[in-house]
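The exercises below are to be worked with the sequence and the coordinates at hand. Each task is followed by its solution.

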Amino acid sequence: MSMVNLTVNGRQLSADVEPRTNLADLLRETHNLTGTHIGCEHGVCGACTILVDGIPTRSCITFAVTCEKAEITTIEGLDEDEISAELRAAFQREHGLQCGYCTPGMIVSARDVVLRMEAPSEHEIRVAMSGNLCRCTGYVGIVRAVESVIADRRTRGIAAVPDGDRKRLGPAGSGNAGPTGVAAPVPSTARAVGSAVAQVARAANAARLDADWKPQASFRQSFTVSHPIDEVWAFFGRIEDVAACLPGASLAGPPQDGPDGSHVDGQIRVKVGPIAAEFQGVADVSRDDTTLSGTIIGSGRDRRSNSATRGLIRYALRPDESAAATHVDVDVGYTLTGMLAQFGRSGLVQDVANRLTAAFVRNLEARLAHGANGDAPAPAKAEELNALSLITAVVVARFKRLLAALSGRA
Ligand code: FES
Ligand code: FES
């Protein structure tokens with residue numbers, strides 16, 4: 001257990017919490033602040049949104065211990081808040097709620113929109129509120145309520161506050177923890193952040209030979225490419241072309257060759273509902289011409305979600321009997337920590353990996369078709385990997401399988 005000191009709705013409190021205790025559970029179960037609702041517990045629906053140091057934060061995926069000395073405001077703490085009062089009236093007037101389950105989180109997020117955005121369009125309000133889901137009202141009334149509060153305040157000469165007067169960057173509670181706190185200090189400029197991130201990633205990668213590193217999860221993936229093995233092997237040697245086939249991936253510069261292989265700096269963008277993560281990282285790539293196999297060891301960190309990943313990928317090529325195609329076997333071991341770790345369960349990752357692999361193979365086939373005679377197109381601009389749509393597809397597929405199994409049993 002760890003002691004955490006917080007200010008909640010203006011009152012200082014201390015609590016003994018498990019490292020895994022999230023803010024939502026602490027507030028609801030220990031302090032009876034049940035206005036903070038819990039829906040998905042995955043950081044997707046926004047029902048649990050509260051303010052941490054003035055910033056809307058999902059309390060279901062925020063560990064209480066990371067919020068040492070943070071100022072927490074729940075929906076109960078917004079009773080006397082002027083913007084919230086105007087929003088409550090507008091939600092009622094515009095039919096912006098029905099069962100009300102999503103409403104506390106909606107009000108907290110909408111308050112932030114009203115506070116920060118001077119004259120947003122309807123589309124901009126929808127985008128800004130897209131991290132809050134409502135299952136019964138629909139969004140027309142909610143958007144109208146937010147629009148009307150903004151219009152009314154601007155008419156009364158109340159301007160938006162740039163950035164909502166936020167003074168801190170970083171995940172929930174960062175900037176408050178003392179030297180012994182959990183949250184790390186955040187460098188003050190984006191450049192410093194980028195270089196610190198790269199250093200952290202490099203340090204992590206430099207330790208890759210530690211014999212005691214064990215992946216949290218692993219899986220095997222196999223696919224077939226309809227090109228001869230020598231073409232596929234040559235293509236796998238062109239790291240920039242391979243990266244261009246991976247949705248969301250891009251390299252920071254050309255690979256640097258060393259005695260044991262190549263070193264690359266790059267990034268991969270992932271979007272999971274309202275969470276947009278950009279993992280900056282490094283990787284070492286080596287290959288063995290005699291066994292037609294290779295290894296990729298990489299690590300990366302997303303500063304905003306304070307998530308980190310590390311992985312070891314081994315792949316091997318073998319010719320198809322027809323010699324016109326190539327089978328590729330890939331073994332992946334990985335570790336995912338931080339806010340995004342909740343999406344790292346091996347079953348889900350395996351399903352997402354299946355779909356990612358399908359996209360990779362499609363891109364690979366297309367590029368091989370162009371590149372067989374050496375005129376491969378330039379790497380395309382990295383598109384964002386929308387993991388939510390992948391995960392949604394996975395969930396729908398699993399649901400269909402379940403229905404099929406049930407009807408079969410019936
Ligand atoms: S319960 Fe926290 S985002 Fe859904
Ligand atoms: S009002 Fe019921 S979920 Fe939004």
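Buried residues make up 32% of the 410 residues in the chain; a residue is buried if 20 or more other C-beta atoms, placed from the backbone, lie within 10 Å of its own, exposed if 12 or fewer, and partly exposed in between. The model is predicted, so local features need pLDDT of at least 70 and side-chain atom pairs pLDDT 80 or more, while totals for chains, interfaces and linings use all residues. Residues are numbered from 1 along each chain as its sequence is written, and chains are lettered from A and ligands numbered from 1 in the order in which they are written.

**Exercise 1. Count the helices and strands in the chain, and state what share of the contacts joins residues at least 24 apart.**

Step 1. Take helices (H or I, at least four residues) and strands (E, at least two) as DSSP runs, numbered from the N terminus. The chain has ten helices and 14 strands.

Step 2. Two residues are in contact if their C-beta atoms, placed from the backbone, lie within 7 Å. Of the contacts between residues at least 6 apart in sequence, 63% join residues at least 24 apart.

**Exercise 2. Describe the packing of α3 and α5.**

Step 1. Two packed helices are described by the angle between their axes and the distance between the axes. Axes are lines fitted to C-alpha atoms, for helices over the stretch in contact, and angles run from 0 to 180 degrees between N-to-C directions. For α3 (residues 103-116) and α5 (residues 140-155) the angle is about 35 degrees and the axes are 10 Å apart.

Step 2. List the contact residues. α3 contributes M106, A110, V113 and V114, and α5 contributes I142, V146, V149, I150 and R153.

Step 3. Sort them by class, with Ala, Val, Leu, Ile, Met, Phe, Trp, Tyr, Cys and Pro as nonpolar, Asp, Glu, Lys and Arg as charged, and the others, Gly among them, as polar. The contact has eight nonpolar, no polar and one charged residues.

**Exercise 3. Characterise helix α2.**

Step 1. The expected span is 1.5 Å times one less than the number of residues. Helix α2 (residues 82-93) has twelve residues and reaches 17 Å from first to last C-alpha, close to the 16 Å expected.

Step 2. Its buried residues are S84, L87, R88, A90 and F91, and they pack against α3 and α5.

Step 3. Just after α2, H95 takes a positive phi of about 60 degrees.

**Exercise 4. Which residues of the largest nonpolar core touch the most other members?**

Step 1. A nonpolar core is a set of buried Ala, Val, Leu, Ile, Met, Phe, Trp, Tyr and Cys residues joined through C-beta atoms within 7 Å. In the largest, of 45 residues, the answer is A64, C67, I72, L87, A110 and V146.

Step 2. Two or more residues each come from β1, α1 (23-30), β3, α2, α3 and α5. α3 gives the most, with six residues.

Step 3. Leaving out residues up to four places away in sequence, I72 touches L6, T7, V8, I50, L51, V52 and C67.

**Exercise 5. Are N9 and D53 buried or partly exposed?**

Step 1. Most residues other than glycine have a negative phi. N9 has a positive phi of about 50 degrees, and phi of D53 is near 50 degrees.

Step 2. N9 is in the loop between β1 (2-8) and β2 (11-17). D53 is in the loop between β3 (49-52) and β4 (55-58).

Step 3. N9 is partly exposed because 19 other C-beta atoms lie within 10 Å. D53 counts as buried because it has 21 C-beta neighbours inside 10 Å.
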